[in-house]
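User: I would like to learn how to read a single-chain model, from local features up to the overall form. Can we go through one together?

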Amino acid sequence: MLIEEIMNRNVFSLEENQTIADAIKMMREKNIRHLPIVNQKGELTGIVSDRDLKDASPSILDSDPNKEVLESPLSSIMKRDVITAHPLDFVEEISTIFYEQRISSIPIVDQRKVIGILTETDMLHTLILLTGAHQPSSHIEVQVANVSGKLADITQIISKRNVNIISVLVYPCSHDEQYKNIVFRIQTMNPTTVINDIKNEGYQVLWPNMPGVTK
């Protein structure tokens, strides 16, 4: 999946010479937490977050607050070293940047112009869509030997029941590298027959595997 498919194209931005007060007002009105800062050509030059504004703004508890701070230009507080992405970048690659850099938003830039923005909330929503967790379905987790062909084997077992597979996730077994775990989300609310078929073929079903569930 490409970034252009999930990015928010309705981007609100301000120019460098606008004030901290302008940014506070826009964030409140638009209910946003990040503002790309651009120059007169519309090119990205920085970014301001709600935390930056809180740190810079006078405290309401201050007996002698410096109101002039609110009239300071955004260029005085914005972060200039901005991590950006291109609309044709892959979602999984950008999710790694979110994690490694511990950031909560990324401006999407094409030819130095801001054309979108992506937040950690957008990424979480995309993960939900990709896994199919928002649809009526069942979750089955199977442990298999870490050799080629196992995913195809389990998929074939499921297909014999004419059950649609919504999503598949594969991840390594945490305690034994000779195995991997495959998570299927299938389009049925009663996976009993599918689970039994998988077990009858000699595979270990990790989930569901609770009292009252088929063993």
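User: Where is Thr188 found?

Analyst: The model is predicted. Thr188 is found in the loop between E8 and helix H6, the latter covering residues 192-200.

User: Is Thr188 buried or exposed?

Analyst: The cut-off for buried is under 20% relative accessible area. Thr188 has 19% relative accessibility, so Thr188 counts as buried.

User: Which residues does Thr188 touch, not counting residues up to four places away in sequence?

Analyst: Thr188 touches Ser137, Ser138 and Val163 on that count.

User: What lies 3.2 Å from a polar atom of the side chain of Thr188?

Analyst: That is the backbone nitrogen of Asn190.

User: Now a strand residue. Which strand holds Asn181, and is Asn181 buried or exposed?

Analyst: Asn181 is part of strand E8, which runs over residues 179-186. The relative accessible area of Asn181 is 5%, so this residue is buried.

User: Which residues are in contact with Asn181, leaving aside its neighbours within four places in sequence?

Analyst: The contacts of Asn181 are Glu141, Val142, Gln143, Leu169, Val170, Tyr171, Cys173 and Leu206.

User: How far apart are Asn181 and Lys199 in sequence and in space?

Analyst: Sequence separation and spatial distance are read as two separate values. Asn181 and Lys199 are 18 residues apart in sequence, and their C-alpha atoms are 15 Å apart in space.

User: Turning to the whole chain, how many helices and strands does the protein chain have?

Analyst: The protein chain has 6 helices and 9 strands. Its radius of gyration is 24 Å, well over the 17 Å that the globule rule gives for 215 residues, so the chain is more spread out than a compact globule. The C-alpha trace spans about 75 × 40 × 30 Å along its principal axes.

User: What share of the contacts with a separation of 6 or more comes from residues 24 or more positions apart?

Analyst: Such residues account for 61% of those contacts in the protein chain. As for burial, 37% of the 215 residues count as buried.

Notes
Residues are numbered from 1 along each chain as its sequence is written. This is a predicted model: local features need pLDDT of at least 70, side-chain atom pairs count only at pLDDT 80 or more; totals for chains, interfaces and linings use all residues. Side-chain values use heavy atoms; hydrogens and water are left out. Helices (H or I, at least four residues) and strands (E, at least two) are DSSP runs, numbered from the N terminus. The radius of gyration is taken over C-alpha atoms; the globule rule is 2.2 Å times the number of residues to the power 0.38. Buried means under 20% relative accessible area, exposed over 50%, partly exposed in between (1.4 Å probe, protein chains only). Contact means heavy atoms within 4.5 Å. A polar contact is a pair of N or O atoms within 3.5 Å; within protein, one must be able to donate a hydrogen and the other to accept it, and residues adjacent in sequence count only if both atoms are side-chain atoms.
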